[in-house]
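Here are my notes on the model you sent. Please read them with the structure open beside you.

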Amino acid sequence: MASFLKAAQEEGICVEYSESYYRTQPHSKLERVANVIRRSTARVIVAFLQSGEMRLLMRELVRQPPPPLQWIGSEAWIMDPDVLRFNMCAGAIGFGVPRSVIAGFREFLLDLSPAQALESPLLTEFWESSFSCSLKGSSEGARKCDGSEDIPALQNPYTDTSQLRESNLVYKATYAIAHAIHGVICNDTQCDQRAKFAPWQILDQLKRVYFTKNNVFQVSFDSNGDPVAVYELINWQFNKDGGLDFVTVGHYDSSRPRGQEFSAKICVHVAASNSDPVSCRLWADPQMPGLSMNGDFIIGGIFSVHFYTTSEQNSYTRQPLQPQCSGRWLRIVRAMEFAIHEINNKTDLLPGITLGYQIHDACAAVPMATKVAFQFANGMEPFFNHTDSCSKSAAAAVPALVGESNSSPSISMARMLGLFGIPQVSHFATCACLSDKRQFPAFFRTIPSDHHQAAALAKTVKRFGWTWIGAVRSDTDYGNYGMASFLKAAQEEGICVEYSESYYRTQPRSKLERVANVIRRSTARVIVAFIQPGEMRFLLEELTRQPPPPLQWIGSEAWIMDPDFLRFNMCAGAIGFGIPRSVIPGLREFLLDLSPEQALKSPLLTEFWESSFSCSLKGSSGGARKCDGSEDVRALQNPYTDTSQLRVTNIVYKATYAIAHAIHGVICNESQCDKSAKFTPWQILDQLKRVDFTTKNGFQVSFDSSGDPVAVYELINWQFNRDGGLDFVTVGHYDSSRPRGQEFSMSRAISWMGGQTEVPRSVCSESCPPGTRKAVQKGKPVCCYDCIPCAEGEISNKTDSLNCVRCPPEFWPNAQRDSCLPKPVEFLSWDDSLSIILTVFSITGAFVAVCVTAVFYKHRMSPIVRANNSELSFLLLFSLTLCFLCSLTFIGQPSEWSCMLRHTTFGITFVLCISCVLGKTIVVLMAFRATLPGSNAMKWFGPPQQRLSVLAFTLIQVLICVLWLTISPPLPFKNLKQYKERIILECGLGSAIGFWAVLGYIGFLALLCFILAFLARKLPDNFNEAKFITFSMLIFCAVWISFIPAYVNSPGKFTVAVEIFAILASSFGLFICLFASKCFIIMFRPEQNTKKHLMGKVPSKAL
């Protein structure tokens, strides 16, 4: 079965059920399998069973026979004679082992004596059971075999050699082994009886066996040890005696080319055929047409004239009674009658041909519609005679038919009528499933498919901004398929459905109440109702008992145009799509031209007349008066006489004309039509596919490849009229043939629920404003969401944004987070308060340094100036002035030149400054060392050497700066990482190694200067400069050591401020320590500015 299921799947075959059973399993398992078969809708069953299980299954099924089944059997049981007694398998087909003839085999079987039988327990058992005697003497009362037993006289499977199938397989297997042994022990001339061989040698020879026996059967094995697959196709057919026989009807040979494996011999009998004529009688009387007229060709009609059925409870002891119908929709039936009369009077359509009709009432019930469909296919003869002729086929009673009015009956009819190719043109079955030509090849309709209506309804809901709706549907094919199409279209349009409820009018009232309560509790203010009039009536009546909040109803065509619902004011403002309104010239006069005599000819018209005038045409009935002829149809005010809203009526009119045009295409040429023409429904079906005409009232009729017309609707709105009642008002149109997006066209304003003029709102959550995004609420549809503010650095500039968008790196959201603004650029600008303060200090320091230079220059010949190495002092003052001024390069917007200038200027000026201080320190050490006897230290560090050392130290820094600027110079860059909301414009270091090399070299010189000055701090002198140098270097080092963490951790522009502060602080430290005391002596203690005082010969006072 696994192999079959795999092959079936590849062939596109579907399996309804797959059951298994083994004969030792409990009987309940067998009963379950039998019940599955009985309930199945599949009429073909494939049985891969062994004979034992098949026999038990047949016995179980015989107890309560299922509907007739076409059995497909495997070879295990299809050739089992014991199963032939089950007539329910008549017509079974399957593959059997080919039948054969083995010469001499029958004679061998019959050549059996009692003596031979005694030599084998199997033969003994066979002999004793066949002849009911005992070979070994009396046994349990059986007589002793006396030799009179005659094997040829037996009639049992042992002696029957007419179906040698498995016997031939054993025959071939035995010969195969013999050939293999021959191949091992024999050569061309003889065989060695004493040969020794292993089983493996026989195995190897069996793989090579290839021979043909005298009964023409070839024996060989493939690589899997299998023979070529050759079968006979067996059919179980009735013989002349009324029993079943195996009949070979074809062959299958897997060695033939693909597609040619089968070869058929004779016609296959299926489903219990019998070669003798069988007469059958209908169980029930045929249903008579409600309206009929004879003609050359009869067109069928099936309508839901009545739309309710009432039937008694079945007792299951007698045949069920015919269901009784109630409700009435007569005008559409007479529209078909009118169309046929009109066609019969035409000269350009079916000239000289009279069309007749048989119109039945299906009462909106599937069983009644199916019964009438069978009548149209087979006729209404109560008796049926069948012969075994495979070529004879009965003609359908009608070549085509109009109907049915509802989807579920139409589906049932179309499945059956499609098998016979009888075209069915429905006027009101809208289920999208009927467009599937694989399931319904003969189905057409003149009303658009619900696929278009569902799409139009979804676009309508989207058009008016409703994203939160409710949905109710009929629990029928119409409602379920229609709502499924709508929900799919709604999902594509981004519409959410709060609930989707179904109800059918025969379900318990509790179900109706539950649906009504769901509607009452709902928060959705818009409800889409894909529901038939019967269910809609019950639902509205239930809602009226406890009205819900005002609702905007969106209706399908099934009820939106039903006048009976206009009495429900809660539906005021309802909108939906209806069939376009039309005018049919002459129809009103035809409807009103009805006399009592005409009404008596039809049960439908009789019922209409009697109910309309409350009288009886056939005499006193139930207390009703007898109709006296004074009744006037024209005076009636009911749906029958109201031709102002011809919608469905026009579709019936078009369907009738479509069939007439198809018949015309088959039986007519350019000049005349042939009354005696014979044609099949398939020809009408083919012509219907090509139909393309325009009716006299201006409506085009054609069908697409799915059998559907172009979808054209009117948008209907229920509006209050001047009298306070509700009316249908056409407010727009929908045409699916127009370009996408242009299908709608509005013609007037819509009145919404309760008569209001503003479009009602129906949303689960209000729209999210710009600056927020939607976050779906857990466990709810996507239309239910929370509005979450955009995260830091993100914006949304649209309403109902699903995601927030991150601003570009140089932009930052505004306060509302609905737009990105350029980030403010921050740097230490000239107008900044901190910059002004630092600039003042910088200029002040430079000014003081210049003033001191002037003082020193004026007193350059004084002892204190000359004693402090005036040349280095002037150079030091110059470098300090540059140090003060270089801090100004750090202020202002960074540029390429300013970035390169600020660091290099700072590095070079500070090295120049420290080099001068270092030179002065070395001079002090050398000066005191020179005072020692025999020392000539000053000769090695005179003024030239001092200048050279300063120049050398400075050139090293210049070289470092040149390398830095050449390899990776500091350039301006926008620091986006420091702060999220603003940009820091600063000078990048370029090469961090270059930057720290400049600072490191300054630090190295400062540290060297500090060490030398520290060593010289206690040298004897009234004015020992080494002390001041030591103190100045201590301040310098302290400033720059503290600068490192402050520089690294300072944010934004304060990084530059820290660097300027370090430059000014270290510059002021050097300036004050080295020159403050000297300037004080020069300006305020001139008496101490003497050589004697400096040489320590005058007692000094504390400064």
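**Notes on the predicted model**

1. Start with a side chain. A polar atom of the S407 side chain lies 3.3 Å from the backbone nitrogen of T430. The backbone nitrogen of C431 lies 3.1 Å from a polar atom of that S407 side chain. A polar contact here is a pair of N or O atoms within 3.5 Å; within protein, one must be able to donate a hydrogen and the other to accept it, and residues adjacent in sequence count only if both atoms are side-chain atoms.

2. A word on the basis. This is a predicted model, where local features need pLDDT of at least 70 and side-chain atom pairs count only at pLDDT 80 or more, while totals for chains, interfaces and linings use all residues. Residues are numbered from 1 along each chain as its sequence is written, and side-chain values use heavy atoms, with hydrogens and water left out.

3. Where does S407 sit? Its place is in helix α12, residues 407-420. Helices (H or I, at least four residues) and strands (E, at least two) are DSSP runs, numbered from the N terminus. S407 is buried, with a relative accessible area of 1%. Buried means under 20% relative accessible area, exposed over 50%, partly exposed in between (1.4 Å probe, protein chains only). Beyond neighbours within four places in sequence, S407 is in contact with A429, T430, C431 and Y478. Contact means heavy atoms within 4.5 Å.

4. Now the whole chain. It has 32 helices and 41 strands. Of its 1103 residues, 47% count as buried. Take the contacts between residues at least 6 apart in sequence: 66% of them join residues at least 24 apart.

5. An open sheet of eight strands runs in the order β22-β21-β23-β24-β25-β30-β31-β32, with mixed pairing. Two strands pair if DSSP finds at least two bridges between them. β22 (496-503) and β32 (744-746) each have a single partner strand, so one side of each has no neighbour in the sheet. The twist averages 25 degrees from one strand to the next. Axes are lines fitted to C-alpha atoms, for helices over the stretch in contact, and angles run from 0 to 180 degrees between N-to-C directions.

6. Within that sheet, β24 (residues 552-555) and β25 (residues 575-578) run parallel, joined by two bridges. G555 has G576 of β25 as its bridge partner. Helix α15 (residues 509-521) lies across β21 (468-474), β22 and β23 (526-530), at about 160 degrees to β22.

7. Look next at the largest nonpolar core, which has 70 residues. Such a core is a set of buried Ala, Val, Leu, Ile, Met, Phe, Trp, Tyr and Cys residues joined through side-chain atoms within 4.5 Å. F303, M336, L350, L355, W609, I667 and L688 touch the most other members. Helix α21 (648-667) is among the elements that supply at least two residues. α21 gives the most, with 12 residues. Apart from this core lies another, of 60 residues, among them C916, A1006, V1056 and I1060.

8. Which residues does W609 touch? Not counting residues up to four places away in sequence, they are L594, S595, P596, A599, C615, L617, C627, E631 and V633.

9. Finally, a three-stranded open sheet has the order β39-β41-β40, with mixed pairing. β39 (825-826) and β40 (972-975) are its edge strands, each pairing on one side only. β39 and β41 (residues 983-987) run parallel, joined by two bridges. The bridge partner of E826 in β41 is I984.
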